[in-house]
Amino acid sequence: MKDKLHRTVVDLAKPYRVTSGKKFALKDFATDADGGLRKDDRTDELLAQGVQLISDLQERLYADDQWSLLLIFQAMDAAGKDGTIKHVMSGINPAGCQVTSFKQPSSLELDHDFLWRSNVALPQRGRIGIFNRSYYEETLVVRVHPPVLKAEKIPPALIGKDLWQDRFEDINAFERHLVRNGTVILKFFLHLSKGEQKKRFLARLDEPTKNWKFSAADLKERKLWDDYQTAYEETIAATATPHAPWYIVPADHKWYTRLVVAGAVVQVLDELDLKFPKVSREQRKALREARRQLL
Ligand code: ATP
Ligand code: MG
């Protein structure tokens, strides 16, 4: 039986889950939603409960050793990817989890197809893999900056008007393949407003302990805000599927972002109905024998 707090955590994420691109529009999702909650002791307790549940479920995932979980985080700068990963995953055993941050591709990576570098970073069975940015950059930053596409050295004969559509198709097929082989995929878009991004950039400039987070490159990307929003909207619409859903997570309130992500992770792990491996009669006998020898 799930207790009330457990159900509340799980329910939090449901309104933000997108499994089909039909009728999808970013404007239908508020960046400042807070689920009617206010940050207080109760919301802190909810997050603590979510973190504890994830910790328990991860232990089962690891013991069960069949499924893996891939969590993908995409967002504009300063939307809180790092902080969300840090808080939501704070209870899990580092041995069962791996975070990969995808940056501009290296020259070796550019010498391969765009999914190549993701393959080696995928989580093993029993593990949680977190992609801080991902192959989704291939229809976001690469689309917004044409010279970046040029650097990919794709034969010009293969670059046509369907390029982005083809990439969506390939990404969907890649994810379908992973899901069919036991990887559960959740994709999070931390949906931030332009106004809140400005506030967070200013804080990075004004507070000495945050100065290191500021990068002049972020300002350049901010000027392309609308292009990015369009690219995100089209990407999400084309790649939201029942087997690899997107969550459009309100990101103007950091505490709420964390709650929603925690809720989604708990829900999906709950659904796997993970059990600790059963011990057979023979194994039990062997355990008794081991005990006897120890004594
Ligand atoms: P933070 O700024 O919080 O450290 P970040 O994810 O923004 O996190 P950066 O090092 O600032 O990390 O930026 C990484 C950059 O790499 C982003 O601008 C992203 O768009 C870019 N990038 C990631 N994947 C690709 C890709 N496949 N092709 C081109 N650029 C990419
Ligand atoms: Mg950055």
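Student: In which helix do Glu-196 and Lys-199 both lie, and how many residues apart are they?

Tutor: Glu-196 and Lys-199 both belong to helix H9, which covers residues 194-206, and they are three residues apart, about one turn of the helix. The model is predicted: local features need pLDDT of at least 70, side-chain atom pairs count only at pLDDT 80 or more, and totals for chains, interfaces and linings use all residues. Residues are numbered from 1 along each chain as its sequence is written, chains are lettered from A and ligands numbered from 1 in the order in which they are written, and side-chain values use heavy atoms, leaving out hydrogens and water.

The term requires a side-chain nitrogen of Lys or Arg within 4 Å of a carboxyl oxygen of Asp or Glu. The two partners contrast in their surroundings. Glu-196 is buried, its relative accessible area being 16%, whereas Lys-199 is exposed at 57%. The classes are buried under 20% relative accessible area, exposed over 50% and partly exposed in between, with a 1.4 Å probe and protein chains only.

The salt-bridge count for the structure comes to 18. One of these joins Lys-153 to Asp-111, at 2.8 Å from N to O. Lys-153 sits in the loop between helix H7 (146-150) and H8, and Asp-111 in the loop between helix H4 (107-110) and helix H5 (116-119), so this bridge ties together parts that are 42 residues apart in sequence. Lys-153 counts as exposed, with a relative accessibility of 56%.

A further bridge links Asp-273 and Lys-275, whose closest N and O atoms are 3.0 Å apart. Asp-273 is exposed, with a relative accessible area of 52%, while Lys-275 counts as partly exposed at 48%. Leu-57 belongs to helix H2 (residues 41-64) and is buried, with a relative accessible area of 9%.

Asp-77, Arg-133 and Glu-137 are linked in a network of salt bridges. Arg-133 lies in the loop between S4 and H6, and its backbone deserves attention: phi is near 70 degrees, a positive value in a residue other than glycine. Asp-65, likewise not a glycine, has a positive phi of about 60 degrees. Its place is the loop between H2 and strand S2 (68-75). Asp-65 is partly exposed, with a relative accessible area of 44%.

The structure contains 11 aromatic pairs. Rings of Phe, Tyr and Trp (its six-membered ring) pair if their centres lie within 6.5 Å, and planes under 30 degrees apart count as stacked, over 60 as edge-to-face and the rest as tilted. Tyr-16 and Tyr-256 make an edge-to-face pair, with 6.1 Å centre to centre and 85 degrees between the planes. Since Tyr-16 is in the loop between helix H1 (4-13) and strand S1 (17-18) and Tyr-256 is in helix H12 (residues 254-271), the pair ties together parts that are 240 residues apart in sequence. Tyr-16 and Tyr-256 are both buried.

The ring centres of Tyr-135 and Phe-174 are 5.4 Å apart and their planes stand at 90 degrees, so this pair is edge-to-face as well. Tyr-135 lies in the loop between strand S4 (128-132) and helix H6 (141-144), and Phe-174 in helix H8 (residues 163-180), so the pair ties together parts that are 39 residues apart in sequence. Tyr-135 and Phe-174 are buried. Together with Tyr-136 and Trp-246, they form one aromatic cluster.

Conventions:
Helices (H or I, at least four residues) and strands (E, at least two) are DSSP runs, numbered from the N terminus.
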